[in-house]
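Please keep the sequence and the structure open beside the text while going through the points.

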Amino acid sequence: MTVRTRFAPSPTGYLHIGGARTALFSWAYARKHGGQFILRIEDTDLERSTQQSIQAILDGMAWLGLDYDEGPFYQMQRLARYHEVAEQLLENNQAYYCYATKEELEQMREQQLAAGLKPRYDGRWRDSRKTPPTDIKPVIRLKNPLEGHVAFNDQIKGKITVANTELDDLVLLRSDGVPTYNFSVVIDDLDMNITHVIRGDDHVNNTPRQINILKALNAPLPEYAHVPMILGANGERLSKRHGAVSVIQYREDGYLPEALLNYLARLGWSHGDEEIFSREQLVEWFDLAAISRSPAKFNPEKLHWINQQYLKATDNARLAELVTPFLAKDHCQIEGGPDLALVVDLLKERVNTIEELADAAVYFYRPLEPADELKTLHLTAEAKPLMLGLLEKFRHIEWTRESIHQEIKTAVKEHNVKFPKIAMPLRVMVTGEIHTPSIDAVLALLGREETLTRMNSHLGNFQD
């Protein structure tokens, strides 16, 4: 048997963290077993589905590198197939037309609730001999079995059994001819030979209904694996505030796709104590049995840490390419400045994201005005002669990190002051900040001309 999995998002919004993890698990399982991974767009929610959301899903999948072997398939392009199967079920007396109006169904629901009963369709048109009304467009409902149980072995949750008396006759085709989710997903999985349905556990309650449709069609059942949801750090359902944003937003915020994939894989799945692993290792190790039955908690700090590990290990040329758009947005002129790859190399161990890397690199490509409190604290009357002396020395030395360091060290000794008394005002004059890498490394990259220009521009800011 060739393993075939699928990811079937609804294009009513962006590709979020939960969806991306489901896609990742489905992709990894298919790749582990040398199978195929299919992308399907479930666009039957006509009111909420948008082309923009479809594009966001495709962009998110591409950025994460979750390549698919077939698709994307679109359900609205398969309407004829759903109608064909519905007709087959009608002919075999496994489905029927229901003419109950919206008002009748609402009244039925209210009566059931008033009687303390679970709201459900009462089957009034199931075997009805009444003459169908001509002014009502009917829906098509499945004849759900009236007795027995539906049992399946969930690859994550274990055995699940539901009595058929708990299920009512679900709608297959709405009155406008558009299939319901439970019907279209079953036909799609059947036609596409899906062997393993890996999806969020919010679909557990749908599975018995879907199994009954497959049984009515005398079709083979796929294996089911329902992945527990992701909770926010506060233990509640994941919200935008706690990480439930578009996957593309993580790109915009400066995360590396391989770091986000690594983090998502560890949300509810593990391989021993491994924290950092490649995509190839994930495929080699992935196993549905290793997915936790408990909800995972989204931890932004952990994501930061993982992203930082990847940043440290990433080629400087690639990081320079990734950081360029962020710097351009911050009005930086890369041309004429120091080699961005060298700047990245100096800064990358101090940051968590590409965005932070860009923020840390700004002063290399345009002067930053120090905050008034930094001027007051560091551009003192005491510091001015130290900076003037250093400025003169900097005009003549060989412009290397070693020479710069030696000159600062000599000034410390000559003036009998501690290193920060020279390094801090120098930092403020040249970078506008006090938290930078070693100042000799910064100046070496910045260049003699730019360093002297910035130092000179601040001489008038010293206190008298």
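1. A residue is called buried when its relative accessible area is under 20% and exposed when that area is over 50%. The model shown here is predicted, and with this cut-off in hand the reader can turn to helix H18, which covers residues 439–446 and in which seven of the eight residues are buried. The buried residues are Ile439, Asp440, Ala441, Val442, Leu443, Leu445 and Leu446.

2. What do the buried residues of H18 pack against? They pack against helix H12 (340–347), H15, H16, helix H17 (420–431) and helix H19 (448–457). After H18 comes Gly447, which has a positive phi, near 100°.

3. Two packed helices are described by the angle between their axes and the distance between the axes. For helix H15 (residues 384–394) and helix H16 (residues 401–415) the angle is about 145° and the axes are 11 Å apart, while the crossing is right-handed.

4. The residues that make this contact can be picked out on the structure. From H15 come Leu386, Leu390, Lys393 and Phe394, and they meet Ile404, Glu407, Ile408, Ala411, Glu414 and His415 of H16. Sorted by class, the contact of H15 with H16 holds six nonpolar, three charged and one polar residue.

5. If neighbours within four places in sequence are left aside, Leu386 is in contact with His415, Val417, Lys421 and Ile422. By contrast, Gln210 lies 176 residues from Leu386 in sequence and 79 Å from it in space, C-alpha to C-alpha.

6. Asn416 sits in the loop between H16 and H17, and it is exposed because its relative accessible area is 71%, which is over 50%. The C-alpha atoms of Asn416 and Leu303 are separated by 45 Å, and the two residues are 113 apart along the chain.

7. Most residues other than glycine have a negative phi, and most peptide bonds are trans. Against that background, the peptide bond joining Gly71 and Pro72 is cis, with omega about 5°, and Pro72 lies in strand S3 (residues 70–74). Asn93, in the loop between helix H3 (79–91) and strand S4 (95–98), has a positive phi near 60° although it is a residue other than glycine. His331 is not a glycine either, and it has a positive phi of about 60°; its place is the loop between helix H11 (316–329) and H12, where it is exposed at a relative accessible area of 63%.

8. How many disulfides does the count come to? A disulfide is a covalent bond between the sulfur atoms of two cysteines. The count comes to zero, with a pair counted when its cysteine sulfur atoms are within 2.5 Å. As for individual cysteines, Cys98 is buried because its relative accessible area is 2%, and Cys332 is buried as well, at 6%.

9. Finally, two annotations come from an unreviewed UniProt entry and should be read as the record's own wording. UniProt lists residues 9–19 as "short sequence motif: 'HIGH' region"; in the model this span is 27% helix and 0% strand, and its end C-alpha atoms are 7 Å apart. UniProt also lists residues 318–457 as "domain: Aminoacyl-tRNA synthetase class I anticodon-binding", and that span is 65% helix and 0% strand, with its end C-alpha atoms 34 Å apart.

Conventions:
Residues are numbered from 1 along each chain as its sequence is written. This is a predicted model: local features need pLDDT of at least 70, side-chain atom pairs count only at pLDDT 80 or more; totals for chains, interfaces and linings use all residues. Side-chain values use heavy atoms; hydrogens and water are left out. Axes are lines fitted to C-alpha atoms, for helices over the stretch in contact, and angles run from 0 to 180 degrees between N-to-C directions. Helices (H or I, at least four residues) and strands (E, at least two) are DSSP runs, numbered from the N terminus. A crossing is left-handed if the near helix is turned anticlockwise from the far one by less than a right angle, and right-handed if clockwise. Contact means heavy atoms within 4.5 Å. Ala, Val, Leu, Ile, Met, Phe, Trp, Tyr, Cys and Pro count as nonpolar, Asp, Glu, Lys and Arg as charged, and the others, Gly among them, as polar. Buried means under 20% relative accessible area, exposed over 50%, partly exposed in between (1.4 Å probe, protein chains only). UniProt positions are given in the numbering used here, feature names are shortened, and annotations may be inferred rather than shown by experiment.
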